[in-house]
Structures are given as C-alpha cells and as structure tokens.
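Trainee: I have a structure to learn today. Could we go through it step by step, in questions and answers?

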Amino acid sequence: MAEQFEVVVIGAGAAGMFCAAQAGQLGRRVLLLDNGKKPGRKILMSGGGRCNFTNLYIEPAAYLSQNPHFCKSALARYTQWDFIDLVQRHGIAWHEKTLGQLFCDDSAQQIVDLLLAECRLGQVTLRLRSEVLSVTRHNGGFLLTLPQGDIFTPALVVATGGLSMPGLGATPFGYRLAQQFGLDVIPTRAALVPVTLHKPLLDPLAALAGVAVPAIVSAEEGTRFRENVLFTHRGLSGPAILQISSFWQTGEFLTIDLLPDVALPDVLREETAAHPNQSLKNTLAKLLPRRLVECWYQLHDIPDISLKQLTPRHIAQWVSPLQQWRVQPNGTEGYRTAEVTQGGVDTRGLSSKTLACNAVPGLYFIGEVVDVIGWLGGYNFQWAWSSAWACAQALARG
Ligand SMILES: Cc1cc2nc3c(=O)[nH]c(=O)nc-3n(C[C@H](O)[C@H](O)[C@H](O)COP(=O)(O)OP(=O)(O)OC[C@H]3O[C@@H](n4cnc5c(N)ncnc54)[C@H](O)[C@@H]3O)c2cc1C
C-alpha cells in the first residue's frame, strides 16, 4: 500500500517550502520532498550569501514570459510587503542595498530557517534525499515513485525549479512531468548569466579581468539597463550584463555606453582649451580606469596623440564609440552559472489565480519551473513566494 498525503510538494526550494508551509498552516497534511541533502540550497547561495529575498519595486513589467499578464494575479495577491512583514515577524534584520533590493543583514540561512519554522508551524513532513523518479495518474490522483517507496496524493505541486546550477540539484523533471500531462514547455535557456566573447575581442580585453565600470547596456530590441559591467576572463558580467542577457538573442549585438554620465564633446572642448598638450590617453584616463583606456587603445590601434591634434574624424573613430561600444557575444556561460532559466511550463495551460493545470485536476506548477522569470534583484524570489502563496490558497479550498 502506498503512503498517502493530502498534498505532496516536489522540490524544497523557495517556492516549494513556502507553499508547503502555507498549505500546512491552512490545515492540509503536506509532504515536502527534495532530492538534496539540504532544503533551500539556492537560497543559501543567493545574494552573495545574504539572500536578496525581494524588491521594493516589484511590478509585472519586471517579469518575462510568453504571457506577460500571467504573473499579475499572484504578485498582486501576495506582495513584497507581505513577505517583508513575514521577515520582520521572524526578527530578521534586513537592509536595502540598491535599486530596492532587500538583503538579510546577516545570512541567507535566516531565510531558510524562516521557511523551516513556517513548515513546522504547518506540521509539514519534510523528506530530503528523496528523488521523485516518476509520477502516474492513479484513482483520480497521483502515484509517485521514489527509491524509498510509492506515495499517493490527490494534489501534487511541482516546484522543481529550472536548469540553472545543476550542481545544486537542478533537474528537468518538472518539464518532463508537464509534457507527460499534456502541457507545453517553452524552450528553455540560461538567463541572468554572463556573456562570453570571441577570442579576437577577448584577447585584447584579457588584462581587464576584474575591472568593473558603471554603464548603460542596451539589447537590439531596445531594453536597457544602467548598472555595472564587469570584465571577466571569459567575457562580460556584472549586474548590467546579467540583466540584459535575458533580452539578448544569439547573433545579436549589445550596445554599451561606458561613459553614461559624460557629455563627451563638452569635456573634450574644455580639456583641449585648458591642456592642449595633454595626451588623449591621459584625458580618457580621467574618465575611465586606466587599464580600460590601455585596452581601448590596443583594440582600436590608436596612436599617441595630444588633444590639440585631435580631429572630428579621430573623435568619431576612437572616442565616440566609448558611448556606443557594439559588442557581439558568442554565447553565454550557460546553466552552470546562470541565476535562472528562461522558458519552462507554458502558462497557457495554467490558471494564473491558482497555478493549477487547467486540464489535469490536482496538478500545480509554481516557482521557476513555470515560464516566468524576473529581473535581477529579488524579483525571482518574489515570484516564488507569490506563486506558492496563490497555490496554497487553492490547495486549502481542496
Ligand atoms: C547563485 C544564485 C543566486 C541567486 N540569487 C538570487 C537572489 O539573490 N534573489 C532572487 O530573487 N533570486 C536569486 N536567484 C534565483 C532564485 O534562486 C530562483 O529563482 C529560486 O530559487 C527558484 O525557486 P524554486 O523553488 O522555483 O526552485 P529551486 O530553488 O531551484 O528549487 C527546486 C528544488 O527541487 C529539487 N528537485 C528537482 N528535481 C527533483 C526531483 N525529481 N525530486 C525531488 N526534488 C527535486 C531541487 O533539488 C531543488 O532543491 C539566484 C539563483 C542562483 C543560482
């Protein structure tokens, strides 16, 4: 005889833990399963160990999906203020770092502890090292096969996340399950991820690894982000690049303004009037890290030249491109370093109010496994909390 639970949640990540806790507290007998040794492994890694758990400026426009309206209902019903309130009730000190991004003062472990405490309140049974191998339809419910034995449930929540960071337990299980039950899966790809560069561009930039500069980065479709760009041994990273990676398509160019606040013609005019014999290189080094200027010289084969020798043609060739640097990445670092997976379970098969599968009663998909991703900066955890909460309310109604 298979063991029975009123609700089974697969995946003890952000979405699965929060959903299990809420459903348990609303009176359901819940089993939470995860294939790993620890719950909330991505939470522990997140925000440099301090977990950027939400953002003050959550809004649907900061999310990407084939159906941009899908996230609206869940985000409106369980908001960033609700989660901030929960964090405060647990006595966790937090701060805003930048752009509304909220981090724990101490450690991401506090968010995992919060979720575990909420699960205890809901009397959730948590089983780790429990990989769900398969699911079949059985007596109007679901029969789950695990190495430890079979489990039956009338309500199954799939919170298995995306493909990013396979070392942290990511599996394509949720996508396969969706397909097995007739749902479409939007093709997946790594997002919030560093981009890589072709060798001819990478080599001259090698000396810049570790250098970060404020910039505005634009994708061909028009989206732009103003944050830091970080040069790496493989290409470009930093928040501006991670953000734009979600909007960049293979073969396209990124346009980078390396001097976003500088009125270059004015600066050159003033500098030329004040120091006509100053080299262009030293002038640019007042505006940008010297190492970057050296690489720029190498990249564009710029001779030593003083400001008084500078012609409009030189400016157009060598200086103006600093504000419109066109870079064609040859790819991304992929799932190995991506923060999220774009694509996933097609929202057309799900209810935006309950996250239930329209065609299969009792089956739910929440969190990152669904075709919804957010910007960098706490937006993805908020989607996990909001979608989990919406699902838990539906589970409580039975
Ligand atoms: C390094 C890193 C840093 C990040 N930092 C932030 C941040 O600061 N702020 C932010 O908003 N977002 C951040 N993110 C994104 C965020 O972590 C995810 O969007 C979020 O964790 C998704 O939650 P989830 O519960 O849907 O999936 P996950 O957290 O991925 O959880 C899914 C769980 O399901 C388990 N699982 C998979 N298959 C099976 C199976 N067959 N049987 C049993 N269990 C299974 C997995 O082991 C995993 O524990 C970061 C991501 C990474 C990788």
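Trainee: How many bridges join β2 to strand β3?

Mentor: First, a caution: this is a predicted model. Strand β3 covers residues 30-33, and Val8 stands opposite its Leu31. The two strands, β2 and β3, run parallel. The number of bridges joining them is four.

Trainee: What is the bridge partner of Val9 in β12?

Mentor: Strand β2 spans residues 7-10, and strand β12 spans residues 156-158. They pair in the parallel sense over three bridges. In β12, the partner of Val9 is Val157.

Trainee: Which residues of β2 point the same way as Val7, and are they buried or exposed?

Mentor: Side chains of β2 point two ways. Val8 and Ile10 take one direction, and Val7 takes the other, together with Val9. A residue needs 20 or more other C-beta atoms within 10 Å of its own to count as buried. All four residues pass, so the answer is Val9, and the state is buried.

Trainee: What is the order of strands in the open sheet of three?

Mentor: Here the pairing is antiparallel. β4 and β6 are the edge strands, each pairing on one side only. The twist averages 30° from one strand to the next. The order is β4-β7-β6.

Trainee: Which residue of β7 stands opposite Asn55?

Mentor: Strand β4 covers residues 52-55. Three bridges join β4 to β7, and the two strands run antiparallel. Opposite Asn55 stands Gln101.

Trainee: What is the bridge partner of Glu96 in β7?

Mentor: Strand β6 takes in residues 94-96, and its pairing with β7 is antiparallel over three bridges. His95 has Phe103 as its bridge partner in β7. For Glu96, the partner is Leu102.

Trainee: Which residue in the turn between β6 and β7 has a positive phi?

Mentor: β6 and β7 form a hairpin. Four residues lie between the two strands. The phi in question is about 50°, and the residue is Leu99.

Trainee: Which residues of β7 point the other way from Gln101 and Phe103?

Mentor: Strand β7 covers residues 101-104. Gln101 and Phe103 point one way, and all the residues named for this strand are buried. Those pointing the other way are Leu102 and Cys104.

Trainee: Now the helices. Why do α1 and α13 count as roughly parallel?

Mentor: Helix α1 covers residues 14-25, and helix α13 covers residues 379-397. Their axes come within 8 Å and cross at roughly 30°. Angles under 35 degrees count as roughly parallel. The crossing is right-handed, and the relation of α1 to α13 is therefore roughly parallel.

Trainee: How many charged residues are in the contact of α1 with α13?

Mentor: From α1, the contact includes Ala14, Phe18 and Ala23. From α13, it includes Phe381, Trp385 and Leu395. The contact residues divide into 14 nonpolar and two polar.

Trainee: How is α1 oriented to α5?

Mentor: Helix α5 covers residues 109-121. α1 and α5 pack at an angle of about 25°, with axes 7 Å apart. That angle makes α1 and α5 roughly parallel.

Trainee: How many charged residues are in the contact of α1 with α5?

Mentor: α1 passes α5 in a left-handed crossing. Met17 and Phe18 are among the α1 residues there, and they meet α5 residues including Leu115 and Glu118. By class, seven are nonpolar and two polar, and the charged count is one.

Trainee: What share of the residues of the protein count as buried?

Mentor: The protein has 13 helices and 23 strands. Its C-alpha trace spans about 85 × 40 × 35 Å along the principal axes. Of its 398 residues, the buried share is 45%.

Definitions and conventions:
Residues are numbered from 1 along each chain as its sequence is written. This is a predicted model: local features need pLDDT of at least 70, side-chain atom pairs count only at pLDDT 80 or more; totals for chains, interfaces and linings use all residues. A residue is buried if 20 or more other C-beta atoms lie within 10 Å of its own, exposed if 12 or fewer, and partly exposed in between; C-beta atoms are placed from the backbone. Two strands pair if DSSP finds at least two bridges between them. Axes are lines fitted to C-alpha atoms, for helices over the stretch in contact, and angles run from 0 to 180 degrees between N-to-C directions. Angles under 35 degrees count as roughly parallel, over 145 as roughly antiparallel, 65 to 115 as roughly perpendicular and the rest as oblique. A crossing is left-handed if the near helix is turned anticlockwise from the far one by less than a right angle, and right-handed if clockwise. Two residues are in contact if their C-beta atoms, placed from the backbone, lie within 7 Å. Ala, Val, Leu, Ile, Met, Phe, Trp, Tyr, Cys and Pro count as nonpolar, Asp, Glu, Lys and Arg as charged, and the others, Gly among them, as polar.
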